[in-house]
Amino acid sequence: MPDLINPADRFFVAGHRGMAGGAIVRALQSQGYSQLLTASRQELDLEDGNAVQAWFEVNRPQVVVLAAAKVGGIYANDTYPADFLLCNLKIQINVIESAWRTGTKRLLFLGSSCIYPKFAEQPIREESLLTGSLEPTNEWYAIAKIAGIKLCQSLRKQHGFNAISLMPTNLYGPGDNYHPKNSHVLPALIRRFHEAKVADSPNVTCWGTGSPMREFLHVDDLGAACVYALENYNPDPNDPVQHLNVGTGTDLSIKHLAELVKSAVGFNGEIIWDHTKPDGTPKKQLNVQRINNLGWHHKIELREGIASTYNDFLTTDFRG
Ligand SMILES: NC(=O)c1ccc[n+]([C@@H]2O[C@H](COP(=O)([O-])OP(=O)(O)OC[C@H]3O[C@@H](n4cnc5c(N)ncnc54)[C@H](OP(=O)(O)O)[C@@H]3O)[C@@H](O)[C@H]2O)c1
């Protein structure tokens with residue numbers, strides 16, 4: 001059987017300036033895939049269908065990774081639901097359809113674990129997709145992502161287009177967003193403990209009880225998983241499951257996570273848990289049996305990943 005991708009192929013990583021896209025570019029380069037096409041938002045607005053089609057007709061990438069998306073937290077999703085649905089649907093339709101029409105031989109679409117029902121059985125298996133109601137705070141984003149998975153699946157089924165989808169758990173690592181209000185829990189903790197250390201504060205207050213269980217994957221492990229999946233994952237078009245979870249398969253409590261971040265940052269004060277603030281879903285963990293069975297496992301353990309991420313934080317002119 002011919003290789004699914006090879007080093008002579010031209011790759012287009014859409015969203016290469018983002019956290020995930022940047023890691024995918026690094027992973028491709030480290031594996032010898034050096035023919036990389038990229039385009040910043042200023043060069044190519046992926047919401048502009050005519051521009052995307054014209055770009056694909058000129059550049060004709062053989063392999064496409066779609067890591068561009070409008071992403072945001074609960075507040076942004078809740079306040080701008082139409083933006084989240086429209087932007088993400090447009091980006092997906094424009095990139096995936098243009099790739100298919102201009103002869104791309106392989107496409108990888110990045111989704112997210114928020115596609116799964118709010119009360120899916122834990123750890124969440126790929127089969128849980130569309131078996132229950134979504135978490136209302138990010139349903140707009142999730143609906144767009146589910147449409148992306150189904151677009152890839154339908155093009156494979158009807159036209160033999162070789163598109164695959166990966167659903168990563170919570171990511172962290174270089175290029176993360178450390179904004180004081182809009183960041184995810186791990187970068188938010190890094191910033192808060194760092195600022196407390198610098199200010200010599202006696203304590204740091206964290207939201208909730210610290211009991212929710214969460215899973216975290218270093219973004220460089222995601223980059224490696226994307227390359228591995230491009231090289232090895234080719235589901236049968238009639239398989240009802242056409243997407244792969246990506247994670248470590250292990251979760252930990254937010255309390256434990258806070259202790260790890262506190263130690264990596266070198267903050268010596270006390271952690272106070274503000275029980276008046278909401279905890280969110282008690283547990284969110286992906287079942288990663290499928291990708292493990294395919295031969296891929298994560299490599300970066302959380303303690304070392306947090307330490308290197310903190311070093312990156314210290315040397316980055318981060319947003320916000
Ligand atoms: N971060 C996580 O924890 C996580 C977890 C699971 C899944 N994912 C998935 O991974 C993917 C990437 O997420 P991320 O965390 O890397 O997000 P990110 O850092 O915000 O990167 C998104 C990238 O998309 C680009 N983009 C957005 N709209 C565009 C447009 N109209 N035209 C051109 N470029 C556009 C952005 O460009 P600018 O730089 O110009 O804004 C940015 O470079 C998403 O599909 C997300 O669902 C992320």
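This is a predicted model: local features need pLDDT of at least 70, side-chain atom pairs count only at pLDDT 80 or more; totals for chains, interfaces and linings use all residues.
Colleague: Which residues of α6 are buried?
Modeller: Leu 186, Pro 187, Ala 188, Leu 189, Ile 190 and Arg 191 are among them. Phe 193, His 194 and Ala 196 are buried too.

Colleague: What covers those buried residues?
Modeller: Several elements. The cover includes the strands β6 (170–172), β7 (203–207), β9 (216–218) and β12 (270–274). Helices α8 (254–265) and α10 (302–315) are also part of the cover.

Colleague: Switching topic. Where is Thr 209?
Modeller: In the loop between β7 and β8 (213–214).

Colleague: Why does Thr 209 count as partly exposed?
Modeller: Because its relative accessibility is 25%. Buried means under 20%, and exposed means over 50%.

Colleague: Which residues does Thr 209 touch, leaving out those up to four places away in sequence?
Modeller: Lys 255, Trp 273, His 275 and Asp 279.

Colleague: What polar contact does the Thr 209 side chain make with Asp 279?
Modeller: One to the side chain of Asp 279, at 2.6 Å. The Thr 209 side chain also makes a polar contact with the side chain of Ser 211, at 2.8 Å.

Colleague: How far apart are Thr 209 and Ser 112?
Modeller: They are 97 residues apart in sequence and 26 Å apart in space, C-alpha to C-alpha.

How values were computed: Residues are numbered from 1 along each chain as its sequence is written. Side-chain values use heavy atoms; hydrogens and water are left out. Buried means under 20% relative accessible area, exposed over 50%, partly exposed in between (1.4 Å probe, protein chains only). Helices (H or I, at least four residues) and strands (E, at least two) are DSSP runs, numbered from the N terminus. Contact means heavy atoms within 4.5 Å. A polar contact is a pair of N or O atoms within 3.5 Å; within protein, one must be able to donate a hydrogen and the other to accept it, and residues adjacent in sequence count only if both atoms are side-chain atoms.
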